[in-house]
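Biologist: I am new to this structure and would like to learn how to read it. Could you take me through its features one at a time?

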Amino acid sequence: MSTSAFDLLLDYERRSLAHQPGRPELVEAPGHWRGVGFRIGRHRLVGAFGEVVEILNLPALTPVPGAQPWMLGLANVRGSLYGVVDLKQFLDGERSAVNEGQRCLLVRQPGGNVILLVDELYGQRAFNDAHAIERPEAFDGRYASVIARAYRLGETVWGVLDIPLLSRTPEFRQAAA
């Protein structure tokens with residue numbers, strides 16, 4: 001027996017009304033943590049929601065003479081000037097492949113906000129204490145000084161980029177001065 005369109009719509013309504021979305025209190029519950037997921041080279045990282053102010057396309061840049069190669073320049077975003085950093089070049093020493101749809105994170109850091117160019121944006125990611133792992137050796141070199149902790153979801157390891165630690169690295173601080 002075939003189902004009429006009306007019966008199908010009634011079934012959709014019944015299931016929709018029965019659906020219970022996640023409770024908002026779980027989002028801020030102890031042991032839960034949320035951030036913005038992105039990729040730098042082969043690493044998947046997450047920045048805390050409280051530190052990521054905005055996600056935006058790569059703005060027009062004005063080069064800064066004599067700046068480090070990873071300091072791409074200055075950008076005017078709605079009347080405010082921000083330094084733009086190629087995070088891949090800063091952490092890996094390898095320039096990001098810039099494309100038209102490139103995304104950036106405007107992040108809050110001590111001493112002023114900065115724009116970080118990322119390779120790929122994944123959006124919101126949520127973790128709880130059960131996902132926490134020791135920081136893997138894959139996060140070595142400059143990563144070791146800015147990855148505070150890590151989480152594993154399935155086969156994917158997410159390093160938490162500590163923006164305040166990033167701003168305190170000697171090279172980053174020197175370029176911002």
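Biologist: What share of the contacts in the chain with a separation of 6 or more comes from residues 24 or more positions apart?

Modeller: Contact here means heavy atoms within 4.5 Å. Residues 24 or more positions apart account for 56% of the contacts with a separation of 6 or more. This is a predicted model, in which local features need pLDDT of at least 70 and side-chain atom pairs count only at pLDDT 80 or more, while totals for chains, interfaces and linings use all residues. Residues are numbered from 1 along each chain as its sequence is written, and side-chain values use heavy atoms, with hydrogens and water left out.

Biologist: How many helices and strands does the chain have?

Modeller: Helices (H or I, at least four residues) and strands (E, at least two) are DSSP runs, numbered from the N terminus. The chain has six helices and eleven strands.

Biologist: In what order do the strands of the six-stranded sheet lie?

Modeller: Two strands pair if DSSP finds at least two bridges between them. The six strands form an open sheet in the order 8-1-2-11-10-9, and the pairing is mixed. Strand 8 and strand 9 (132-133) are its edges, each pairing on one side only.

Biologist: Which residue pairs show how these strands line up?

Modeller: Start with strand 1 and strand 8, which are antiparallel over eight bridges. Phe38 has Leu121 of strand 8 as its bridge partner. Gly123 also lies in strand 8 (residues 120-128), and Gly123 touches Gly35, Val36 and Gly37, leaving aside residues up to four places away in sequence. Gly123 and Gly35 are 88 residues apart in sequence, yet their C-alpha atoms are 8.1 Å apart in space.

Biologist: And towards the other edge?

Modeller: Strand 9 and strand 10 (residues 147-153) pair in the antiparallel sense over two bridges, with Ile133 opposite Ala150 of strand 10. Strand 10 is also antiparallel to strand 11 (residues 156-161), over six bridges, and Ile147 has Leu161 as its partner in strand 11. Strands 10 and 11 form a hairpin with two residues between them, and Gly154 in the turn has a positive phi of about 65°.

Biologist: What is the strand order in the sheet of five strands?

Modeller: That open sheet runs 3-6-7-5-4, again with mixed pairing. The twist averages 30° from one strand to the next; the axes are lines fitted to C-alpha atoms, for helices over the stretch in contact, and angles run from 0 to 180 degrees between N-to-C directions. Strand 4 pairs with strand 5 (residues 80-86) in the antiparallel sense over six bridges, and Gly73 stands opposite Val84 of strand 5.

Biologist: How do I read the nonpolar core?

Modeller: In soluble globular proteins, nonpolar side chains tend to be buried together. A nonpolar core is a set of buried Ala, Val, Leu, Ile, Met, Phe, Trp, Tyr and Cys residues joined through side-chain atoms within 4.5 Å. Buried means under 20% relative accessible area, exposed over 50%, and partly exposed in between (1.4 Å probe, protein chains only). The largest core has 24 residues, and Phe38, Val85, Leu87, Leu116, Leu161 and Phe172 touch the most other members. Elements giving two or more residues to this core include strand 1 (32-40), strand 7 (114-117) and helix 5 (163-168). Apart from it lies another core of ten residues, including Leu72 and Cys104.

Biologist: What does Phe172 touch?

Modeller: Not counting residues up to four places away in sequence, Phe172 touches Trp70, Val85, Phe90, Gln109, Val114, Leu116, Leu166 and Ser167.
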